[in-house]
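These are my notebook entries on one protein chain. I set down what I looked up, step by step.

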Amino acid sequence: MITHRKKAGELINDCLNTTALSILGTPQRKDEFVFDVQNFSINRLNKTINYWVQREEINKHITFHCAKHTFACLLLLYGANLKTVADAMGHSSTKAP
């Protein structure tokens, strides 16, 4: 999965395992997005996440920021190395700011 990091202007190539690839399926076009949220505001993303949370009857306030860090923690928990997690999060370094 190749992503473009806007801040640094670089391309990130994250390798996906076979399970992830089978869930995602085959894209119809090379430039097709998995989630078409590129033009969503943070407010709209948070409303969408809130809808998912309510639908699953989860009684917690979860935002995009929280979901992003949960994703990072789960990657580490399941054995991803720190560089892979930093790349997936859009960070250019593993060092603290």
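Before the first entry I note a cut-off that I shall need: an angle over 145 degrees between two axes counts as roughly antiparallel. I also note that the model is a predicted one.

**Entry 1: the packing of H3 and H4**

I looked up how helix H3 (residues 64–77) lies against helix H4 (residues 82–89). The two pack at an angle of about 160°, and their axes are 10 Å apart. Because angles over 145 degrees count as roughly antiparallel, H3 and H4 are therefore roughly antiparallel to each other. I then checked the handedness and found that H3 passes H4 in a right-handed crossing.

Which residues of H3 meet H4? On the H3 side I listed Lys68, His69, Phe71, Ala72, Leu75 and Leu76. On the H4 side I listed Leu82, Val85, Ala88 and Met89. Sorted by class, this contact holds eight nonpolar residues, one polar and one charged.

**Entry 2: H3 by itself**

I looked up the length of H3. The helix has 14 residues and reaches 20 Å from its first C-alpha to its last. That span is close to the 20 Å expected at 1.5 Å a residue. After H3 comes Gly79, and I recorded that its phi is positive, near 100°.

**Entry 3: His69**

I returned to His69, which is placed in helix H3 and is among the residues that meet H4.

**Entry 4: two loop residues**

I looked up Asn81, which sits in the loop between H3 and H4. With 45% relative accessibility, Asn81 counts as partly exposed. Asn81 and Thr3 are 78 residues apart in sequence, and I found their C-alpha atoms 19 Å apart in space.

Next I turned to Glu57, in the loop between helix H2 (42–55) and H3. Glu57 has a positive phi of about 55°, although it is not a glycine.

**Entry 5: Ala20**

Ala20 is found in helix H1 (residues 18–24). I recorded a relative accessible area of 25%, so Ala20 is partly exposed. I then looked up Lys95, which lies 75 residues from Ala20 along the chain. The C-alpha atoms of Ala20 and Lys95 are separated by 28 Å.

**Entry 6: the whole chain**

I ended with the chain as a whole. How many helices and strands does the protein chain have? I found four helices and two strands. Read along the sequence, they follow the pattern β-β-α-α-α-α.

For the dimensions, I noted that the C-alpha atoms fill a box of roughly 40 × 35 × 30 Å, taken along the principal axes. The protein chain has 97 residues, and buried residues make up 11% of them.

Terms used. Residues numbered from 1 in each chain as written. Predicted model: local features only at pLDDT ≥ 70, side-chain atom pairs only at ≥ 80, totals over all residues. Heavy atoms only, no water. Expected span 1.5 Å × (residues − 1). Axes fitted to C-alpha atoms, helices over the stretch in contact; angles between N-to-C directions. Parallel < 35°, antiparallel > 145°, perpendicular 65-115°, else oblique. Left-handed = near helix turned anticlockwise from the far one by under 90°. Contact = heavy atoms within 4.5 Å. Nonpolar A, V, L, I, M, F, W, Y, C, P; charged D, E, K, R; others polar. Buried < 20%, exposed > 50% of the residue type's maximum accessible area, 1.4 Å probe, protein only.
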